[in-house]
Amino acid sequence: MTETPSLTAVRDTFGPAVLRTDVVCGDAIAVVERDQAHAILTWLKDDPSQRFNYLTDITAVEYRDPELPLEVVYQLRSLPRKVDLRVKLWLDPAGPLEVDSVYDLWRGADWLEREVYDMFGVTFRGHPDLRRILMWETYAEGHPLRKGFPLRGHFSRAEQVRQALGGQTESFYSSEELEYAEDVLPSDVRERLRRGEHGGVR
Amino acid sequence: MSTRTVELELATSGVDARGRATRVPLGVGELREDVLSGDGLMVNIGPQHPATHGVLRLVVELEGETVKRLIPHVGYLHSGFEKLGEYRHYNQIIPLTDRTDYLAPMANNVCLALAVEKLMGIEITERCRVLRVIACEMSRIISHLVWLGTTGIDLGAFTPFLWSFQERERIYNLQEAWTGARLTTSMTRVGGLMADIPDGWTDALRGFIRSFPATLDEIDTMFTRNAIWIGRTQGVGVISGEDAVNYSLSGPMLRASGVDYDVRKDRPYLGYETYDFDVPIGEHGDNYDRYRVRMEEMRQSTRILEQALDRLAPGPINVDDPRVILPPKSRAMSDMEAMIFHFKQVMEGVKPPKGEAYLGIENPKGELGYYFVSDGTAKPVRWRIRPPAFINLAALPKLCEGVLLSDVIAINASVDIVMGEVDR
């Protein structure tokens, strides 16, 4: 089986923007054109025949084979229709990783997109507050879930310890919090921020 | 500059000669208004704070005592489980799942096994299915008991904490008898279970089911009509059903807002559609409804446990499939074929075919989903945890809009987070 009603509908509506449809292990998957993705997701959410109103998850997959694209994966669910759909977009792992944010459709995308950005370096255009979430803001080793990232990190243990101990107070606050507290910050911290420095060792 | 007269009072009132409480004015002075309502104040709560339930850090911007903005910071307990999983065989990932939501380790084990079985197209045995249901529902009860106890402490009630932890201890003893561990249970394997339950175990569980509702009723008496409890929870942290869906909330958080979504009913696994149980739904979406929903879920879990024990029939716990299950030791030592399977299992691990599968289960915190992508080797290309606590916590700034600082503690408690899972 390679079709479900939702897959047929999305292909009939968007034609060539749907690159591929599959049913794997019983899960319906549609791979869509990156630039059309936001329009397709909006349609899936709002169209009365689809009503995928619940965003279960956003994640990304990078394969061990460097020839394969890096996938951004949206797990959608329609609560009224009790149907699931997985929408994927393909990105070139060597190229710029950029997709449109779905923050405007589902507020649940807020932290999920931040996590994908943190772990894979995918930029979500239009996300209001795209910064690292699990790693700290000044983390300089890259994006941990990329296949090129070694299990123990890029830096040596000694370097990691040095960076951790050398961190400045302000690295524990986000830039918007620091902006708020500007007039109560000590003068040396204020001076560092004015020079454009933020956080620990770079 | 406007001024006003303030009267300062003793926090603990004194008692006069007749035993009546007196209020002793400490002094009368003039206080400048701008001291009380300045531009605001930035308060940092955590990451080491008992009311944040782990290493959660909240930066709160206050206007007087009202929250203007709240920014949560997570990641202090980030362990890179998803990355570690890419370097391990599927069965070797099971110990990692214990450590994500460590308040319901058995349910996580079950989710992992189910996801890999979905990937491989394996049908597990009937006894295994029933035992996994028992594991999931026991997990739901202990997780909710921890939530109940700690939330009680956050809101100033100490006694129910002791009662609920006493009951939780009894389930921990059962877990220990079954798996050898109280917390790091690792009780499932792909295609079956690590071990069958020991002799007399079902009687012990029946004993628990008989007496547990009485404790639940006692806690109910302490809380449900308690003026302080109601004052701290009703109308606090309200989120509408529409918003709850938009914020991707799940579990009791979603159902307290009146949205009828329970994975056990809507996308049944382990034969949950054959059990007779109700899914409690709230209507106001506030802390109180979340409390009521969780209380009722514990009662429903005991119902499911009872039915599961009734249908628990003797039989094998593991599938008869040498791709995933080790042959019995005696056969491995005497039979050439079994020896080869044993060797391949231990050295190479379980090898699902190329493909991917997402499987969600109804964990105590919400919908826990494991998403596996396999390229045909023994180690997954990607193991994604859909963390219910992380996604529920993301709604905290929304829940805390314009509330009092003290309510932030109550609301944060009502979300029921566990940082091991939030940070993974």
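**Chain A: sheet and helices**

Trainee: Which strand does helix H2 (residues 37-46) of chain A run at about 175° to?
Mentor: H2(A) lies across S2, strand S4 (70-78) and strand S5 (83-91) of chain A. Helices (H or I, at least four residues) and strands (E, at least two) are DSSP runs, numbered from the N terminus. Axes are lines fitted to C-alpha atoms, for helices over the stretch in contact, and angles run from 0 to 180 degrees between N-to-C directions. The angle of about 175° is to S5(A).

Trainee: What pLDDT do local features need in this predicted model?
Mentor: Residues are numbered from 1 along each chain as its sequence is written, while chains are lettered from A and ligands numbered from 1 in the order in which they are written. This is a predicted model: totals for chains, interfaces and linings use all residues, side-chain atom pairs count only at pLDDT 80 or more, and local features need pLDDT of at least 70.

Trainee: Which strands are the edges of the sheet in chain A?
Mentor: Two strands pair if DSSP finds at least two bridges between them. Five strands form an open sheet with mixed pairing, in the order S1-S2-S5-S4-S3 (chain A). Pairing on one side only marks the edges, strand S1 (18-24) and strand S3 (54-61) of chain A.

Trainee: Which residue is the bridge partner of A:Val18 in S2(A)?
Mentor: S1(A) pairs with strand S2 (residues 27-32) of chain A in the antiparallel sense, over six bridges. Within S2(A), the partner of A:Val18 is A:Val32.

Trainee: Is S3(A) largely enclosed or largely open?
Mentor: Helix H3 (residues 109-120) of chain A lies across S3 and S4, at about 5° to S3(A). S3(A) also pairs with S4(A), antiparallel, over seven bridges. A residue is buried if 20 or more other C-beta atoms lie within 10 Å of its own, exposed if 12 or fewer, and partly exposed in between, with C-beta atoms placed from the backbone. Seven of the eight residues of S3(A) are buried, so the rest of the structure leaves this strand largely enclosed.

Trainee: How far apart are the C-alpha centres of the two domains of chain B?
Mentor: The C-alpha atoms of chain B fill a box of roughly 95 × 45 × 35 Å along the principal axes. An automatic or database domain assignment sets the bounds, giving domain 1 (1-34) and domain 2 (81-423). Their C-alpha centres are separated by 51 Å.

Trainee: What length does helix H5 (residues 126-154) of chain B reach?
Mentor: Chain B has 18 helices and twelve strands. In H5(B), 26 of the 29 residues are buried, so this helix is largely enclosed by the rest of the structure. Expected span is 1.5 Å times one less than the number of residues. H5(B) is close to the expected 42 Å, with a first-to-last C-alpha reach of 42 Å.

Trainee: Which residues does B:Ala115 contact, beyond its neighbours within four places in sequence?
Mentor: Two residues are in contact if their C-beta atoms, placed from the backbone, lie within 7 Å. With those neighbours left aside, the partners of B:Ala115 are B:Ala357, B:Leu359, B:Tyr370 and B:Phe372.

Trainee: Is B:Ile93 buried or exposed?
Mentor: B:Ile93 is found in helix H3 (residues 90-98) of chain B. Leaving aside neighbours within four places, its contacts are B:Gly85, B:Arg88, B:Leu112 and B:Trp383. With 25 other C-beta atoms within 10 Å, B:Ile93 is buried.

**A second sheet, and the contact between chains**

Trainee: Which residue stands opposite B:Ile45 in S6(B)?
Mentor: Chain B has an open sheet of three strands, S5-S6-S7, with antiparallel pairing. S5(B) and S6(B) pair over five bridges. Opposite B:Ile45 stands B:Leu58.

Trainee: Which element gives the most to the side of chain B that touches chain A?
Mentor: The contact takes 36 residues from chain B and 32 residues from chain A. Elements of chain B supplying at least two residues each include strand S6 (57-63), helix H4 (105-120) and strand S11 (367-374). With four residues, the most comes from S10(B).
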